[in-house]
Amino acid sequence: MRIDILTLFPEMFTSPFNESIIKRAKNKGLVEIYIHNIRDFSNDKHKRVDDYPYGGEPGMVMMIEPIANAIEWLRSQRSYDEIIFLTPDGETFSQSMANKLSLLDNIILLCGHYKGVDQRVRDIYVTKEISIGEYVLSGGELPAMVLVDAVIRLIPGAIGDAQSALTDSFQDGLLSHPVYTRPENFRGHKIPEILKSGNHQAIEKWNLEKAIEKTQKRKNNLKNK
Ligand code: ADE
């Protein structure tokens with residue numbers, strides 16, 4: 001899978017993309033991630049990327065030309081399955097969206113800033129608009145990182161235990177069951193006896209019951225909000 005990210009703040013991606021699972025997936029050749037500075041695609045002599053909105057509202061709007069130049073340059077080299085714009089008014093990101101995106105070959109992620117991007121970018125180029133939740137962040141960079149992390153861990157081979165991405169919370173509509181490690185007794189707080197029983201069938205049943213319990217509790221909390 002190849003992911004091209006268009007941003008005004010490329011440095012923001014350095015550390016999150018060079019640690020842990022994303023680093024491993026890149027090193028194993030499972031994913032290629034390219035970060036492009038939108039400013040590099042400006043034709044303006046001052047490398048301007050934003051301008052005042054028509055209509056006189058306050059705030060700045062990202063201009064179409066640099067973004068169009070970047071997208072067209074990428075598209076001249078390969079075809080893209082999706083051009084995704086991260087925006088608080090997009091469709092809310094979910095595990096099932098991550099699953100679908102993890103099957104694609106080439107995607108572009110466009111990170112917005114300021115008051116947004118010129119609507120014509122969305123009309124002409126963008127194929128999908130995604131929000132990571134109902135709150136407004138300063139830009140699309142953190143949402144892009146969230147999306148990339150959720151997608152990459154699903155690519156076979158990205159995480160050590162091949163099963164573990166499939167048993168994540170949400171994959172079967174259930175939240176994950178509680179997990180424990182040593183010590184067995186922490187200041188009087190002991191691990192559940194069943195986990196020491198060696199009876200795998202009983203443990204699996206217990207895990208499933210706990211996952212259902214947790215999911216039900218979360219649902220009730222949401223209902224009572
Ligand atoms: N840009 C700003 N806030 C955002 C959000 N919640 N999701 C996606 N992109 C955003």
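Q: Buried means under 20% relative accessible area, exposed means over 50%, and partly exposed covers what lies in between. In this predicted model, is arginine 122 buried or exposed?
A: Arginine 122 sits in helix H4, which runs over residues 119–124. Its relative accessible area is 15%, and the cut-off for a buried residue is under 20%. Because 15% falls under that cut-off, arginine 122 counts as buried.

Q: Which residue has a side chain joined to that of arginine 122 by a polar contact of 2.9 Å?
A: Leaving aside neighbours within four places in sequence, arginine 122 is in contact with Phe85, Thr87, Asp89, Val117 and Glu129. One of these contacts is a polar contact of 2.9 Å between two side chains. The partner of arginine 122 in that pair is aspartate 89.

Q: What is the relative accessible area of phenylalanine 85?
A: Phenylalanine 85 has its place in strand S5, and beyond its neighbours within four places in sequence it is in contact with Leu110, Gly112, Val117, Arg122, Val126, Lys128, Glu129 and Ile130. In space, the C-alpha atom of phenylalanine 85 is 12 Å from that of aspartate 4, although the two residues are 81 apart in sequence. Phenylalanine 85 counts as buried, because its relative accessible area is 3%.

Q: Which residue has a polar backbone atom 2.8 Å from a nitrogen atom of the ligand?
A: The residues around the ligand are Leu86, Thr87, Pro88, Ile130, Ser131, Ile132, Gly133, Tyr135, Val136, Leu137, Gly139 and Pro143. Threonine 87 has a polar backbone atom 3.1 Å from a ligand nitrogen atom, and a backbone N or O atom of leucine 137 lies 3.0 Å from a ligand nitrogen atom. The distance of 2.8 Å belongs to a polar backbone atom of tyrosine 135.

Q: Which element gives the most to the shell around the ligand?
A: Two elements give two or more residues to the shell around the ligand, namely strand S5 (82–92) and strand S7 (128–131). With three residues, the element that gives the most is S5.

Q: How many residues of the shell around the ligand are charged?
A: The shell includes residues such as Leu86, Ser131 and Pro143. When its residues are divided by kind, eight are nonpolar and four are polar. The number of charged residues in the shell is none.

Q: What separation is found between the centres of domain 1 and domain 2, taken over C-alpha atoms?
A: The domain assignment of the chain gives domain 1 as residues 2–152 and domain 2 as residues 174–223. Taken over C-alpha atoms, the centres of domain 1 and domain 2 are separated by 39 Å.

Q: Is threonine 215 buried or exposed?
A: Threonine 215 is found in helix H6, which spans residues 200–223. Leaving aside neighbours within four places in sequence, threonine 215 is in contact with Gly173, Leu174 and Leu175. With a relative accessible area of 9%, threonine 215 is buried.

Q: Is the peptide bond from arginine 182 to proline 183 cis or trans?
A: Most peptide bonds are trans. Proline 183 is found in the loop between helix H5 (141–152) and strand S8 (185–186). The peptide bond from arginine 182 to proline 183 has omega near 5°, and it is cis.

Q: What is the phi of tyrosine 114?
A: Most residues other than glycine have a negative phi. Serine 20, in helix H1 (residues 20–27), has a positive phi of about 55° although it is not a glycine. Tyrosine 114, in the loop between strand S6 (106–111) and H4, is partly exposed with a relative accessible area of 40%. The phi of tyrosine 114 is positive too, with a value near 55°.

Q: What distance separates the C-alpha atoms of leucine 166 and leucine 154?
A: Leucine 166 lies in the loop between H5 and S8, and at 55% relative accessibility it counts as exposed. Leucine 166 and leucine 154 are 12 residues apart along the chain, and their C-alpha atoms are separated by 8.0 Å.

Key
Residues are numbered from 1 along each chain as its sequence is written. This is a predicted model: local features need pLDDT of at least 70, side-chain atom pairs count only at pLDDT 80 or more; totals for chains, interfaces and linings use all residues. Side-chain values use heavy atoms; hydrogens and water are left out. Domain bounds come from an automatic or database domain assignment. Helices (H or I, at least four residues) and strands (E, at least two) are DSSP runs, numbered from the N terminus. Buried means under 20% relative accessible area, exposed over 50%, partly exposed in between (1.4 Å probe, protein chains only). Contact means heavy atoms within 4.5 Å. A residue is near a molecule or strand if one of its heavy atoms lies within 4 Å of it. A polar contact is a pair of N or O atoms within 3.5 Å; within protein, one must be able to donate a hydrogen and the other to accept it, and residues adjacent in sequence count only if both atoms are side-chain atoms. Ala, Val, Leu, Ile, Met, Phe, Trp, Tyr, Cys and Pro count as nonpolar, Asp, Glu, Lys and Arg as charged, and the others, Gly among them, as polar.
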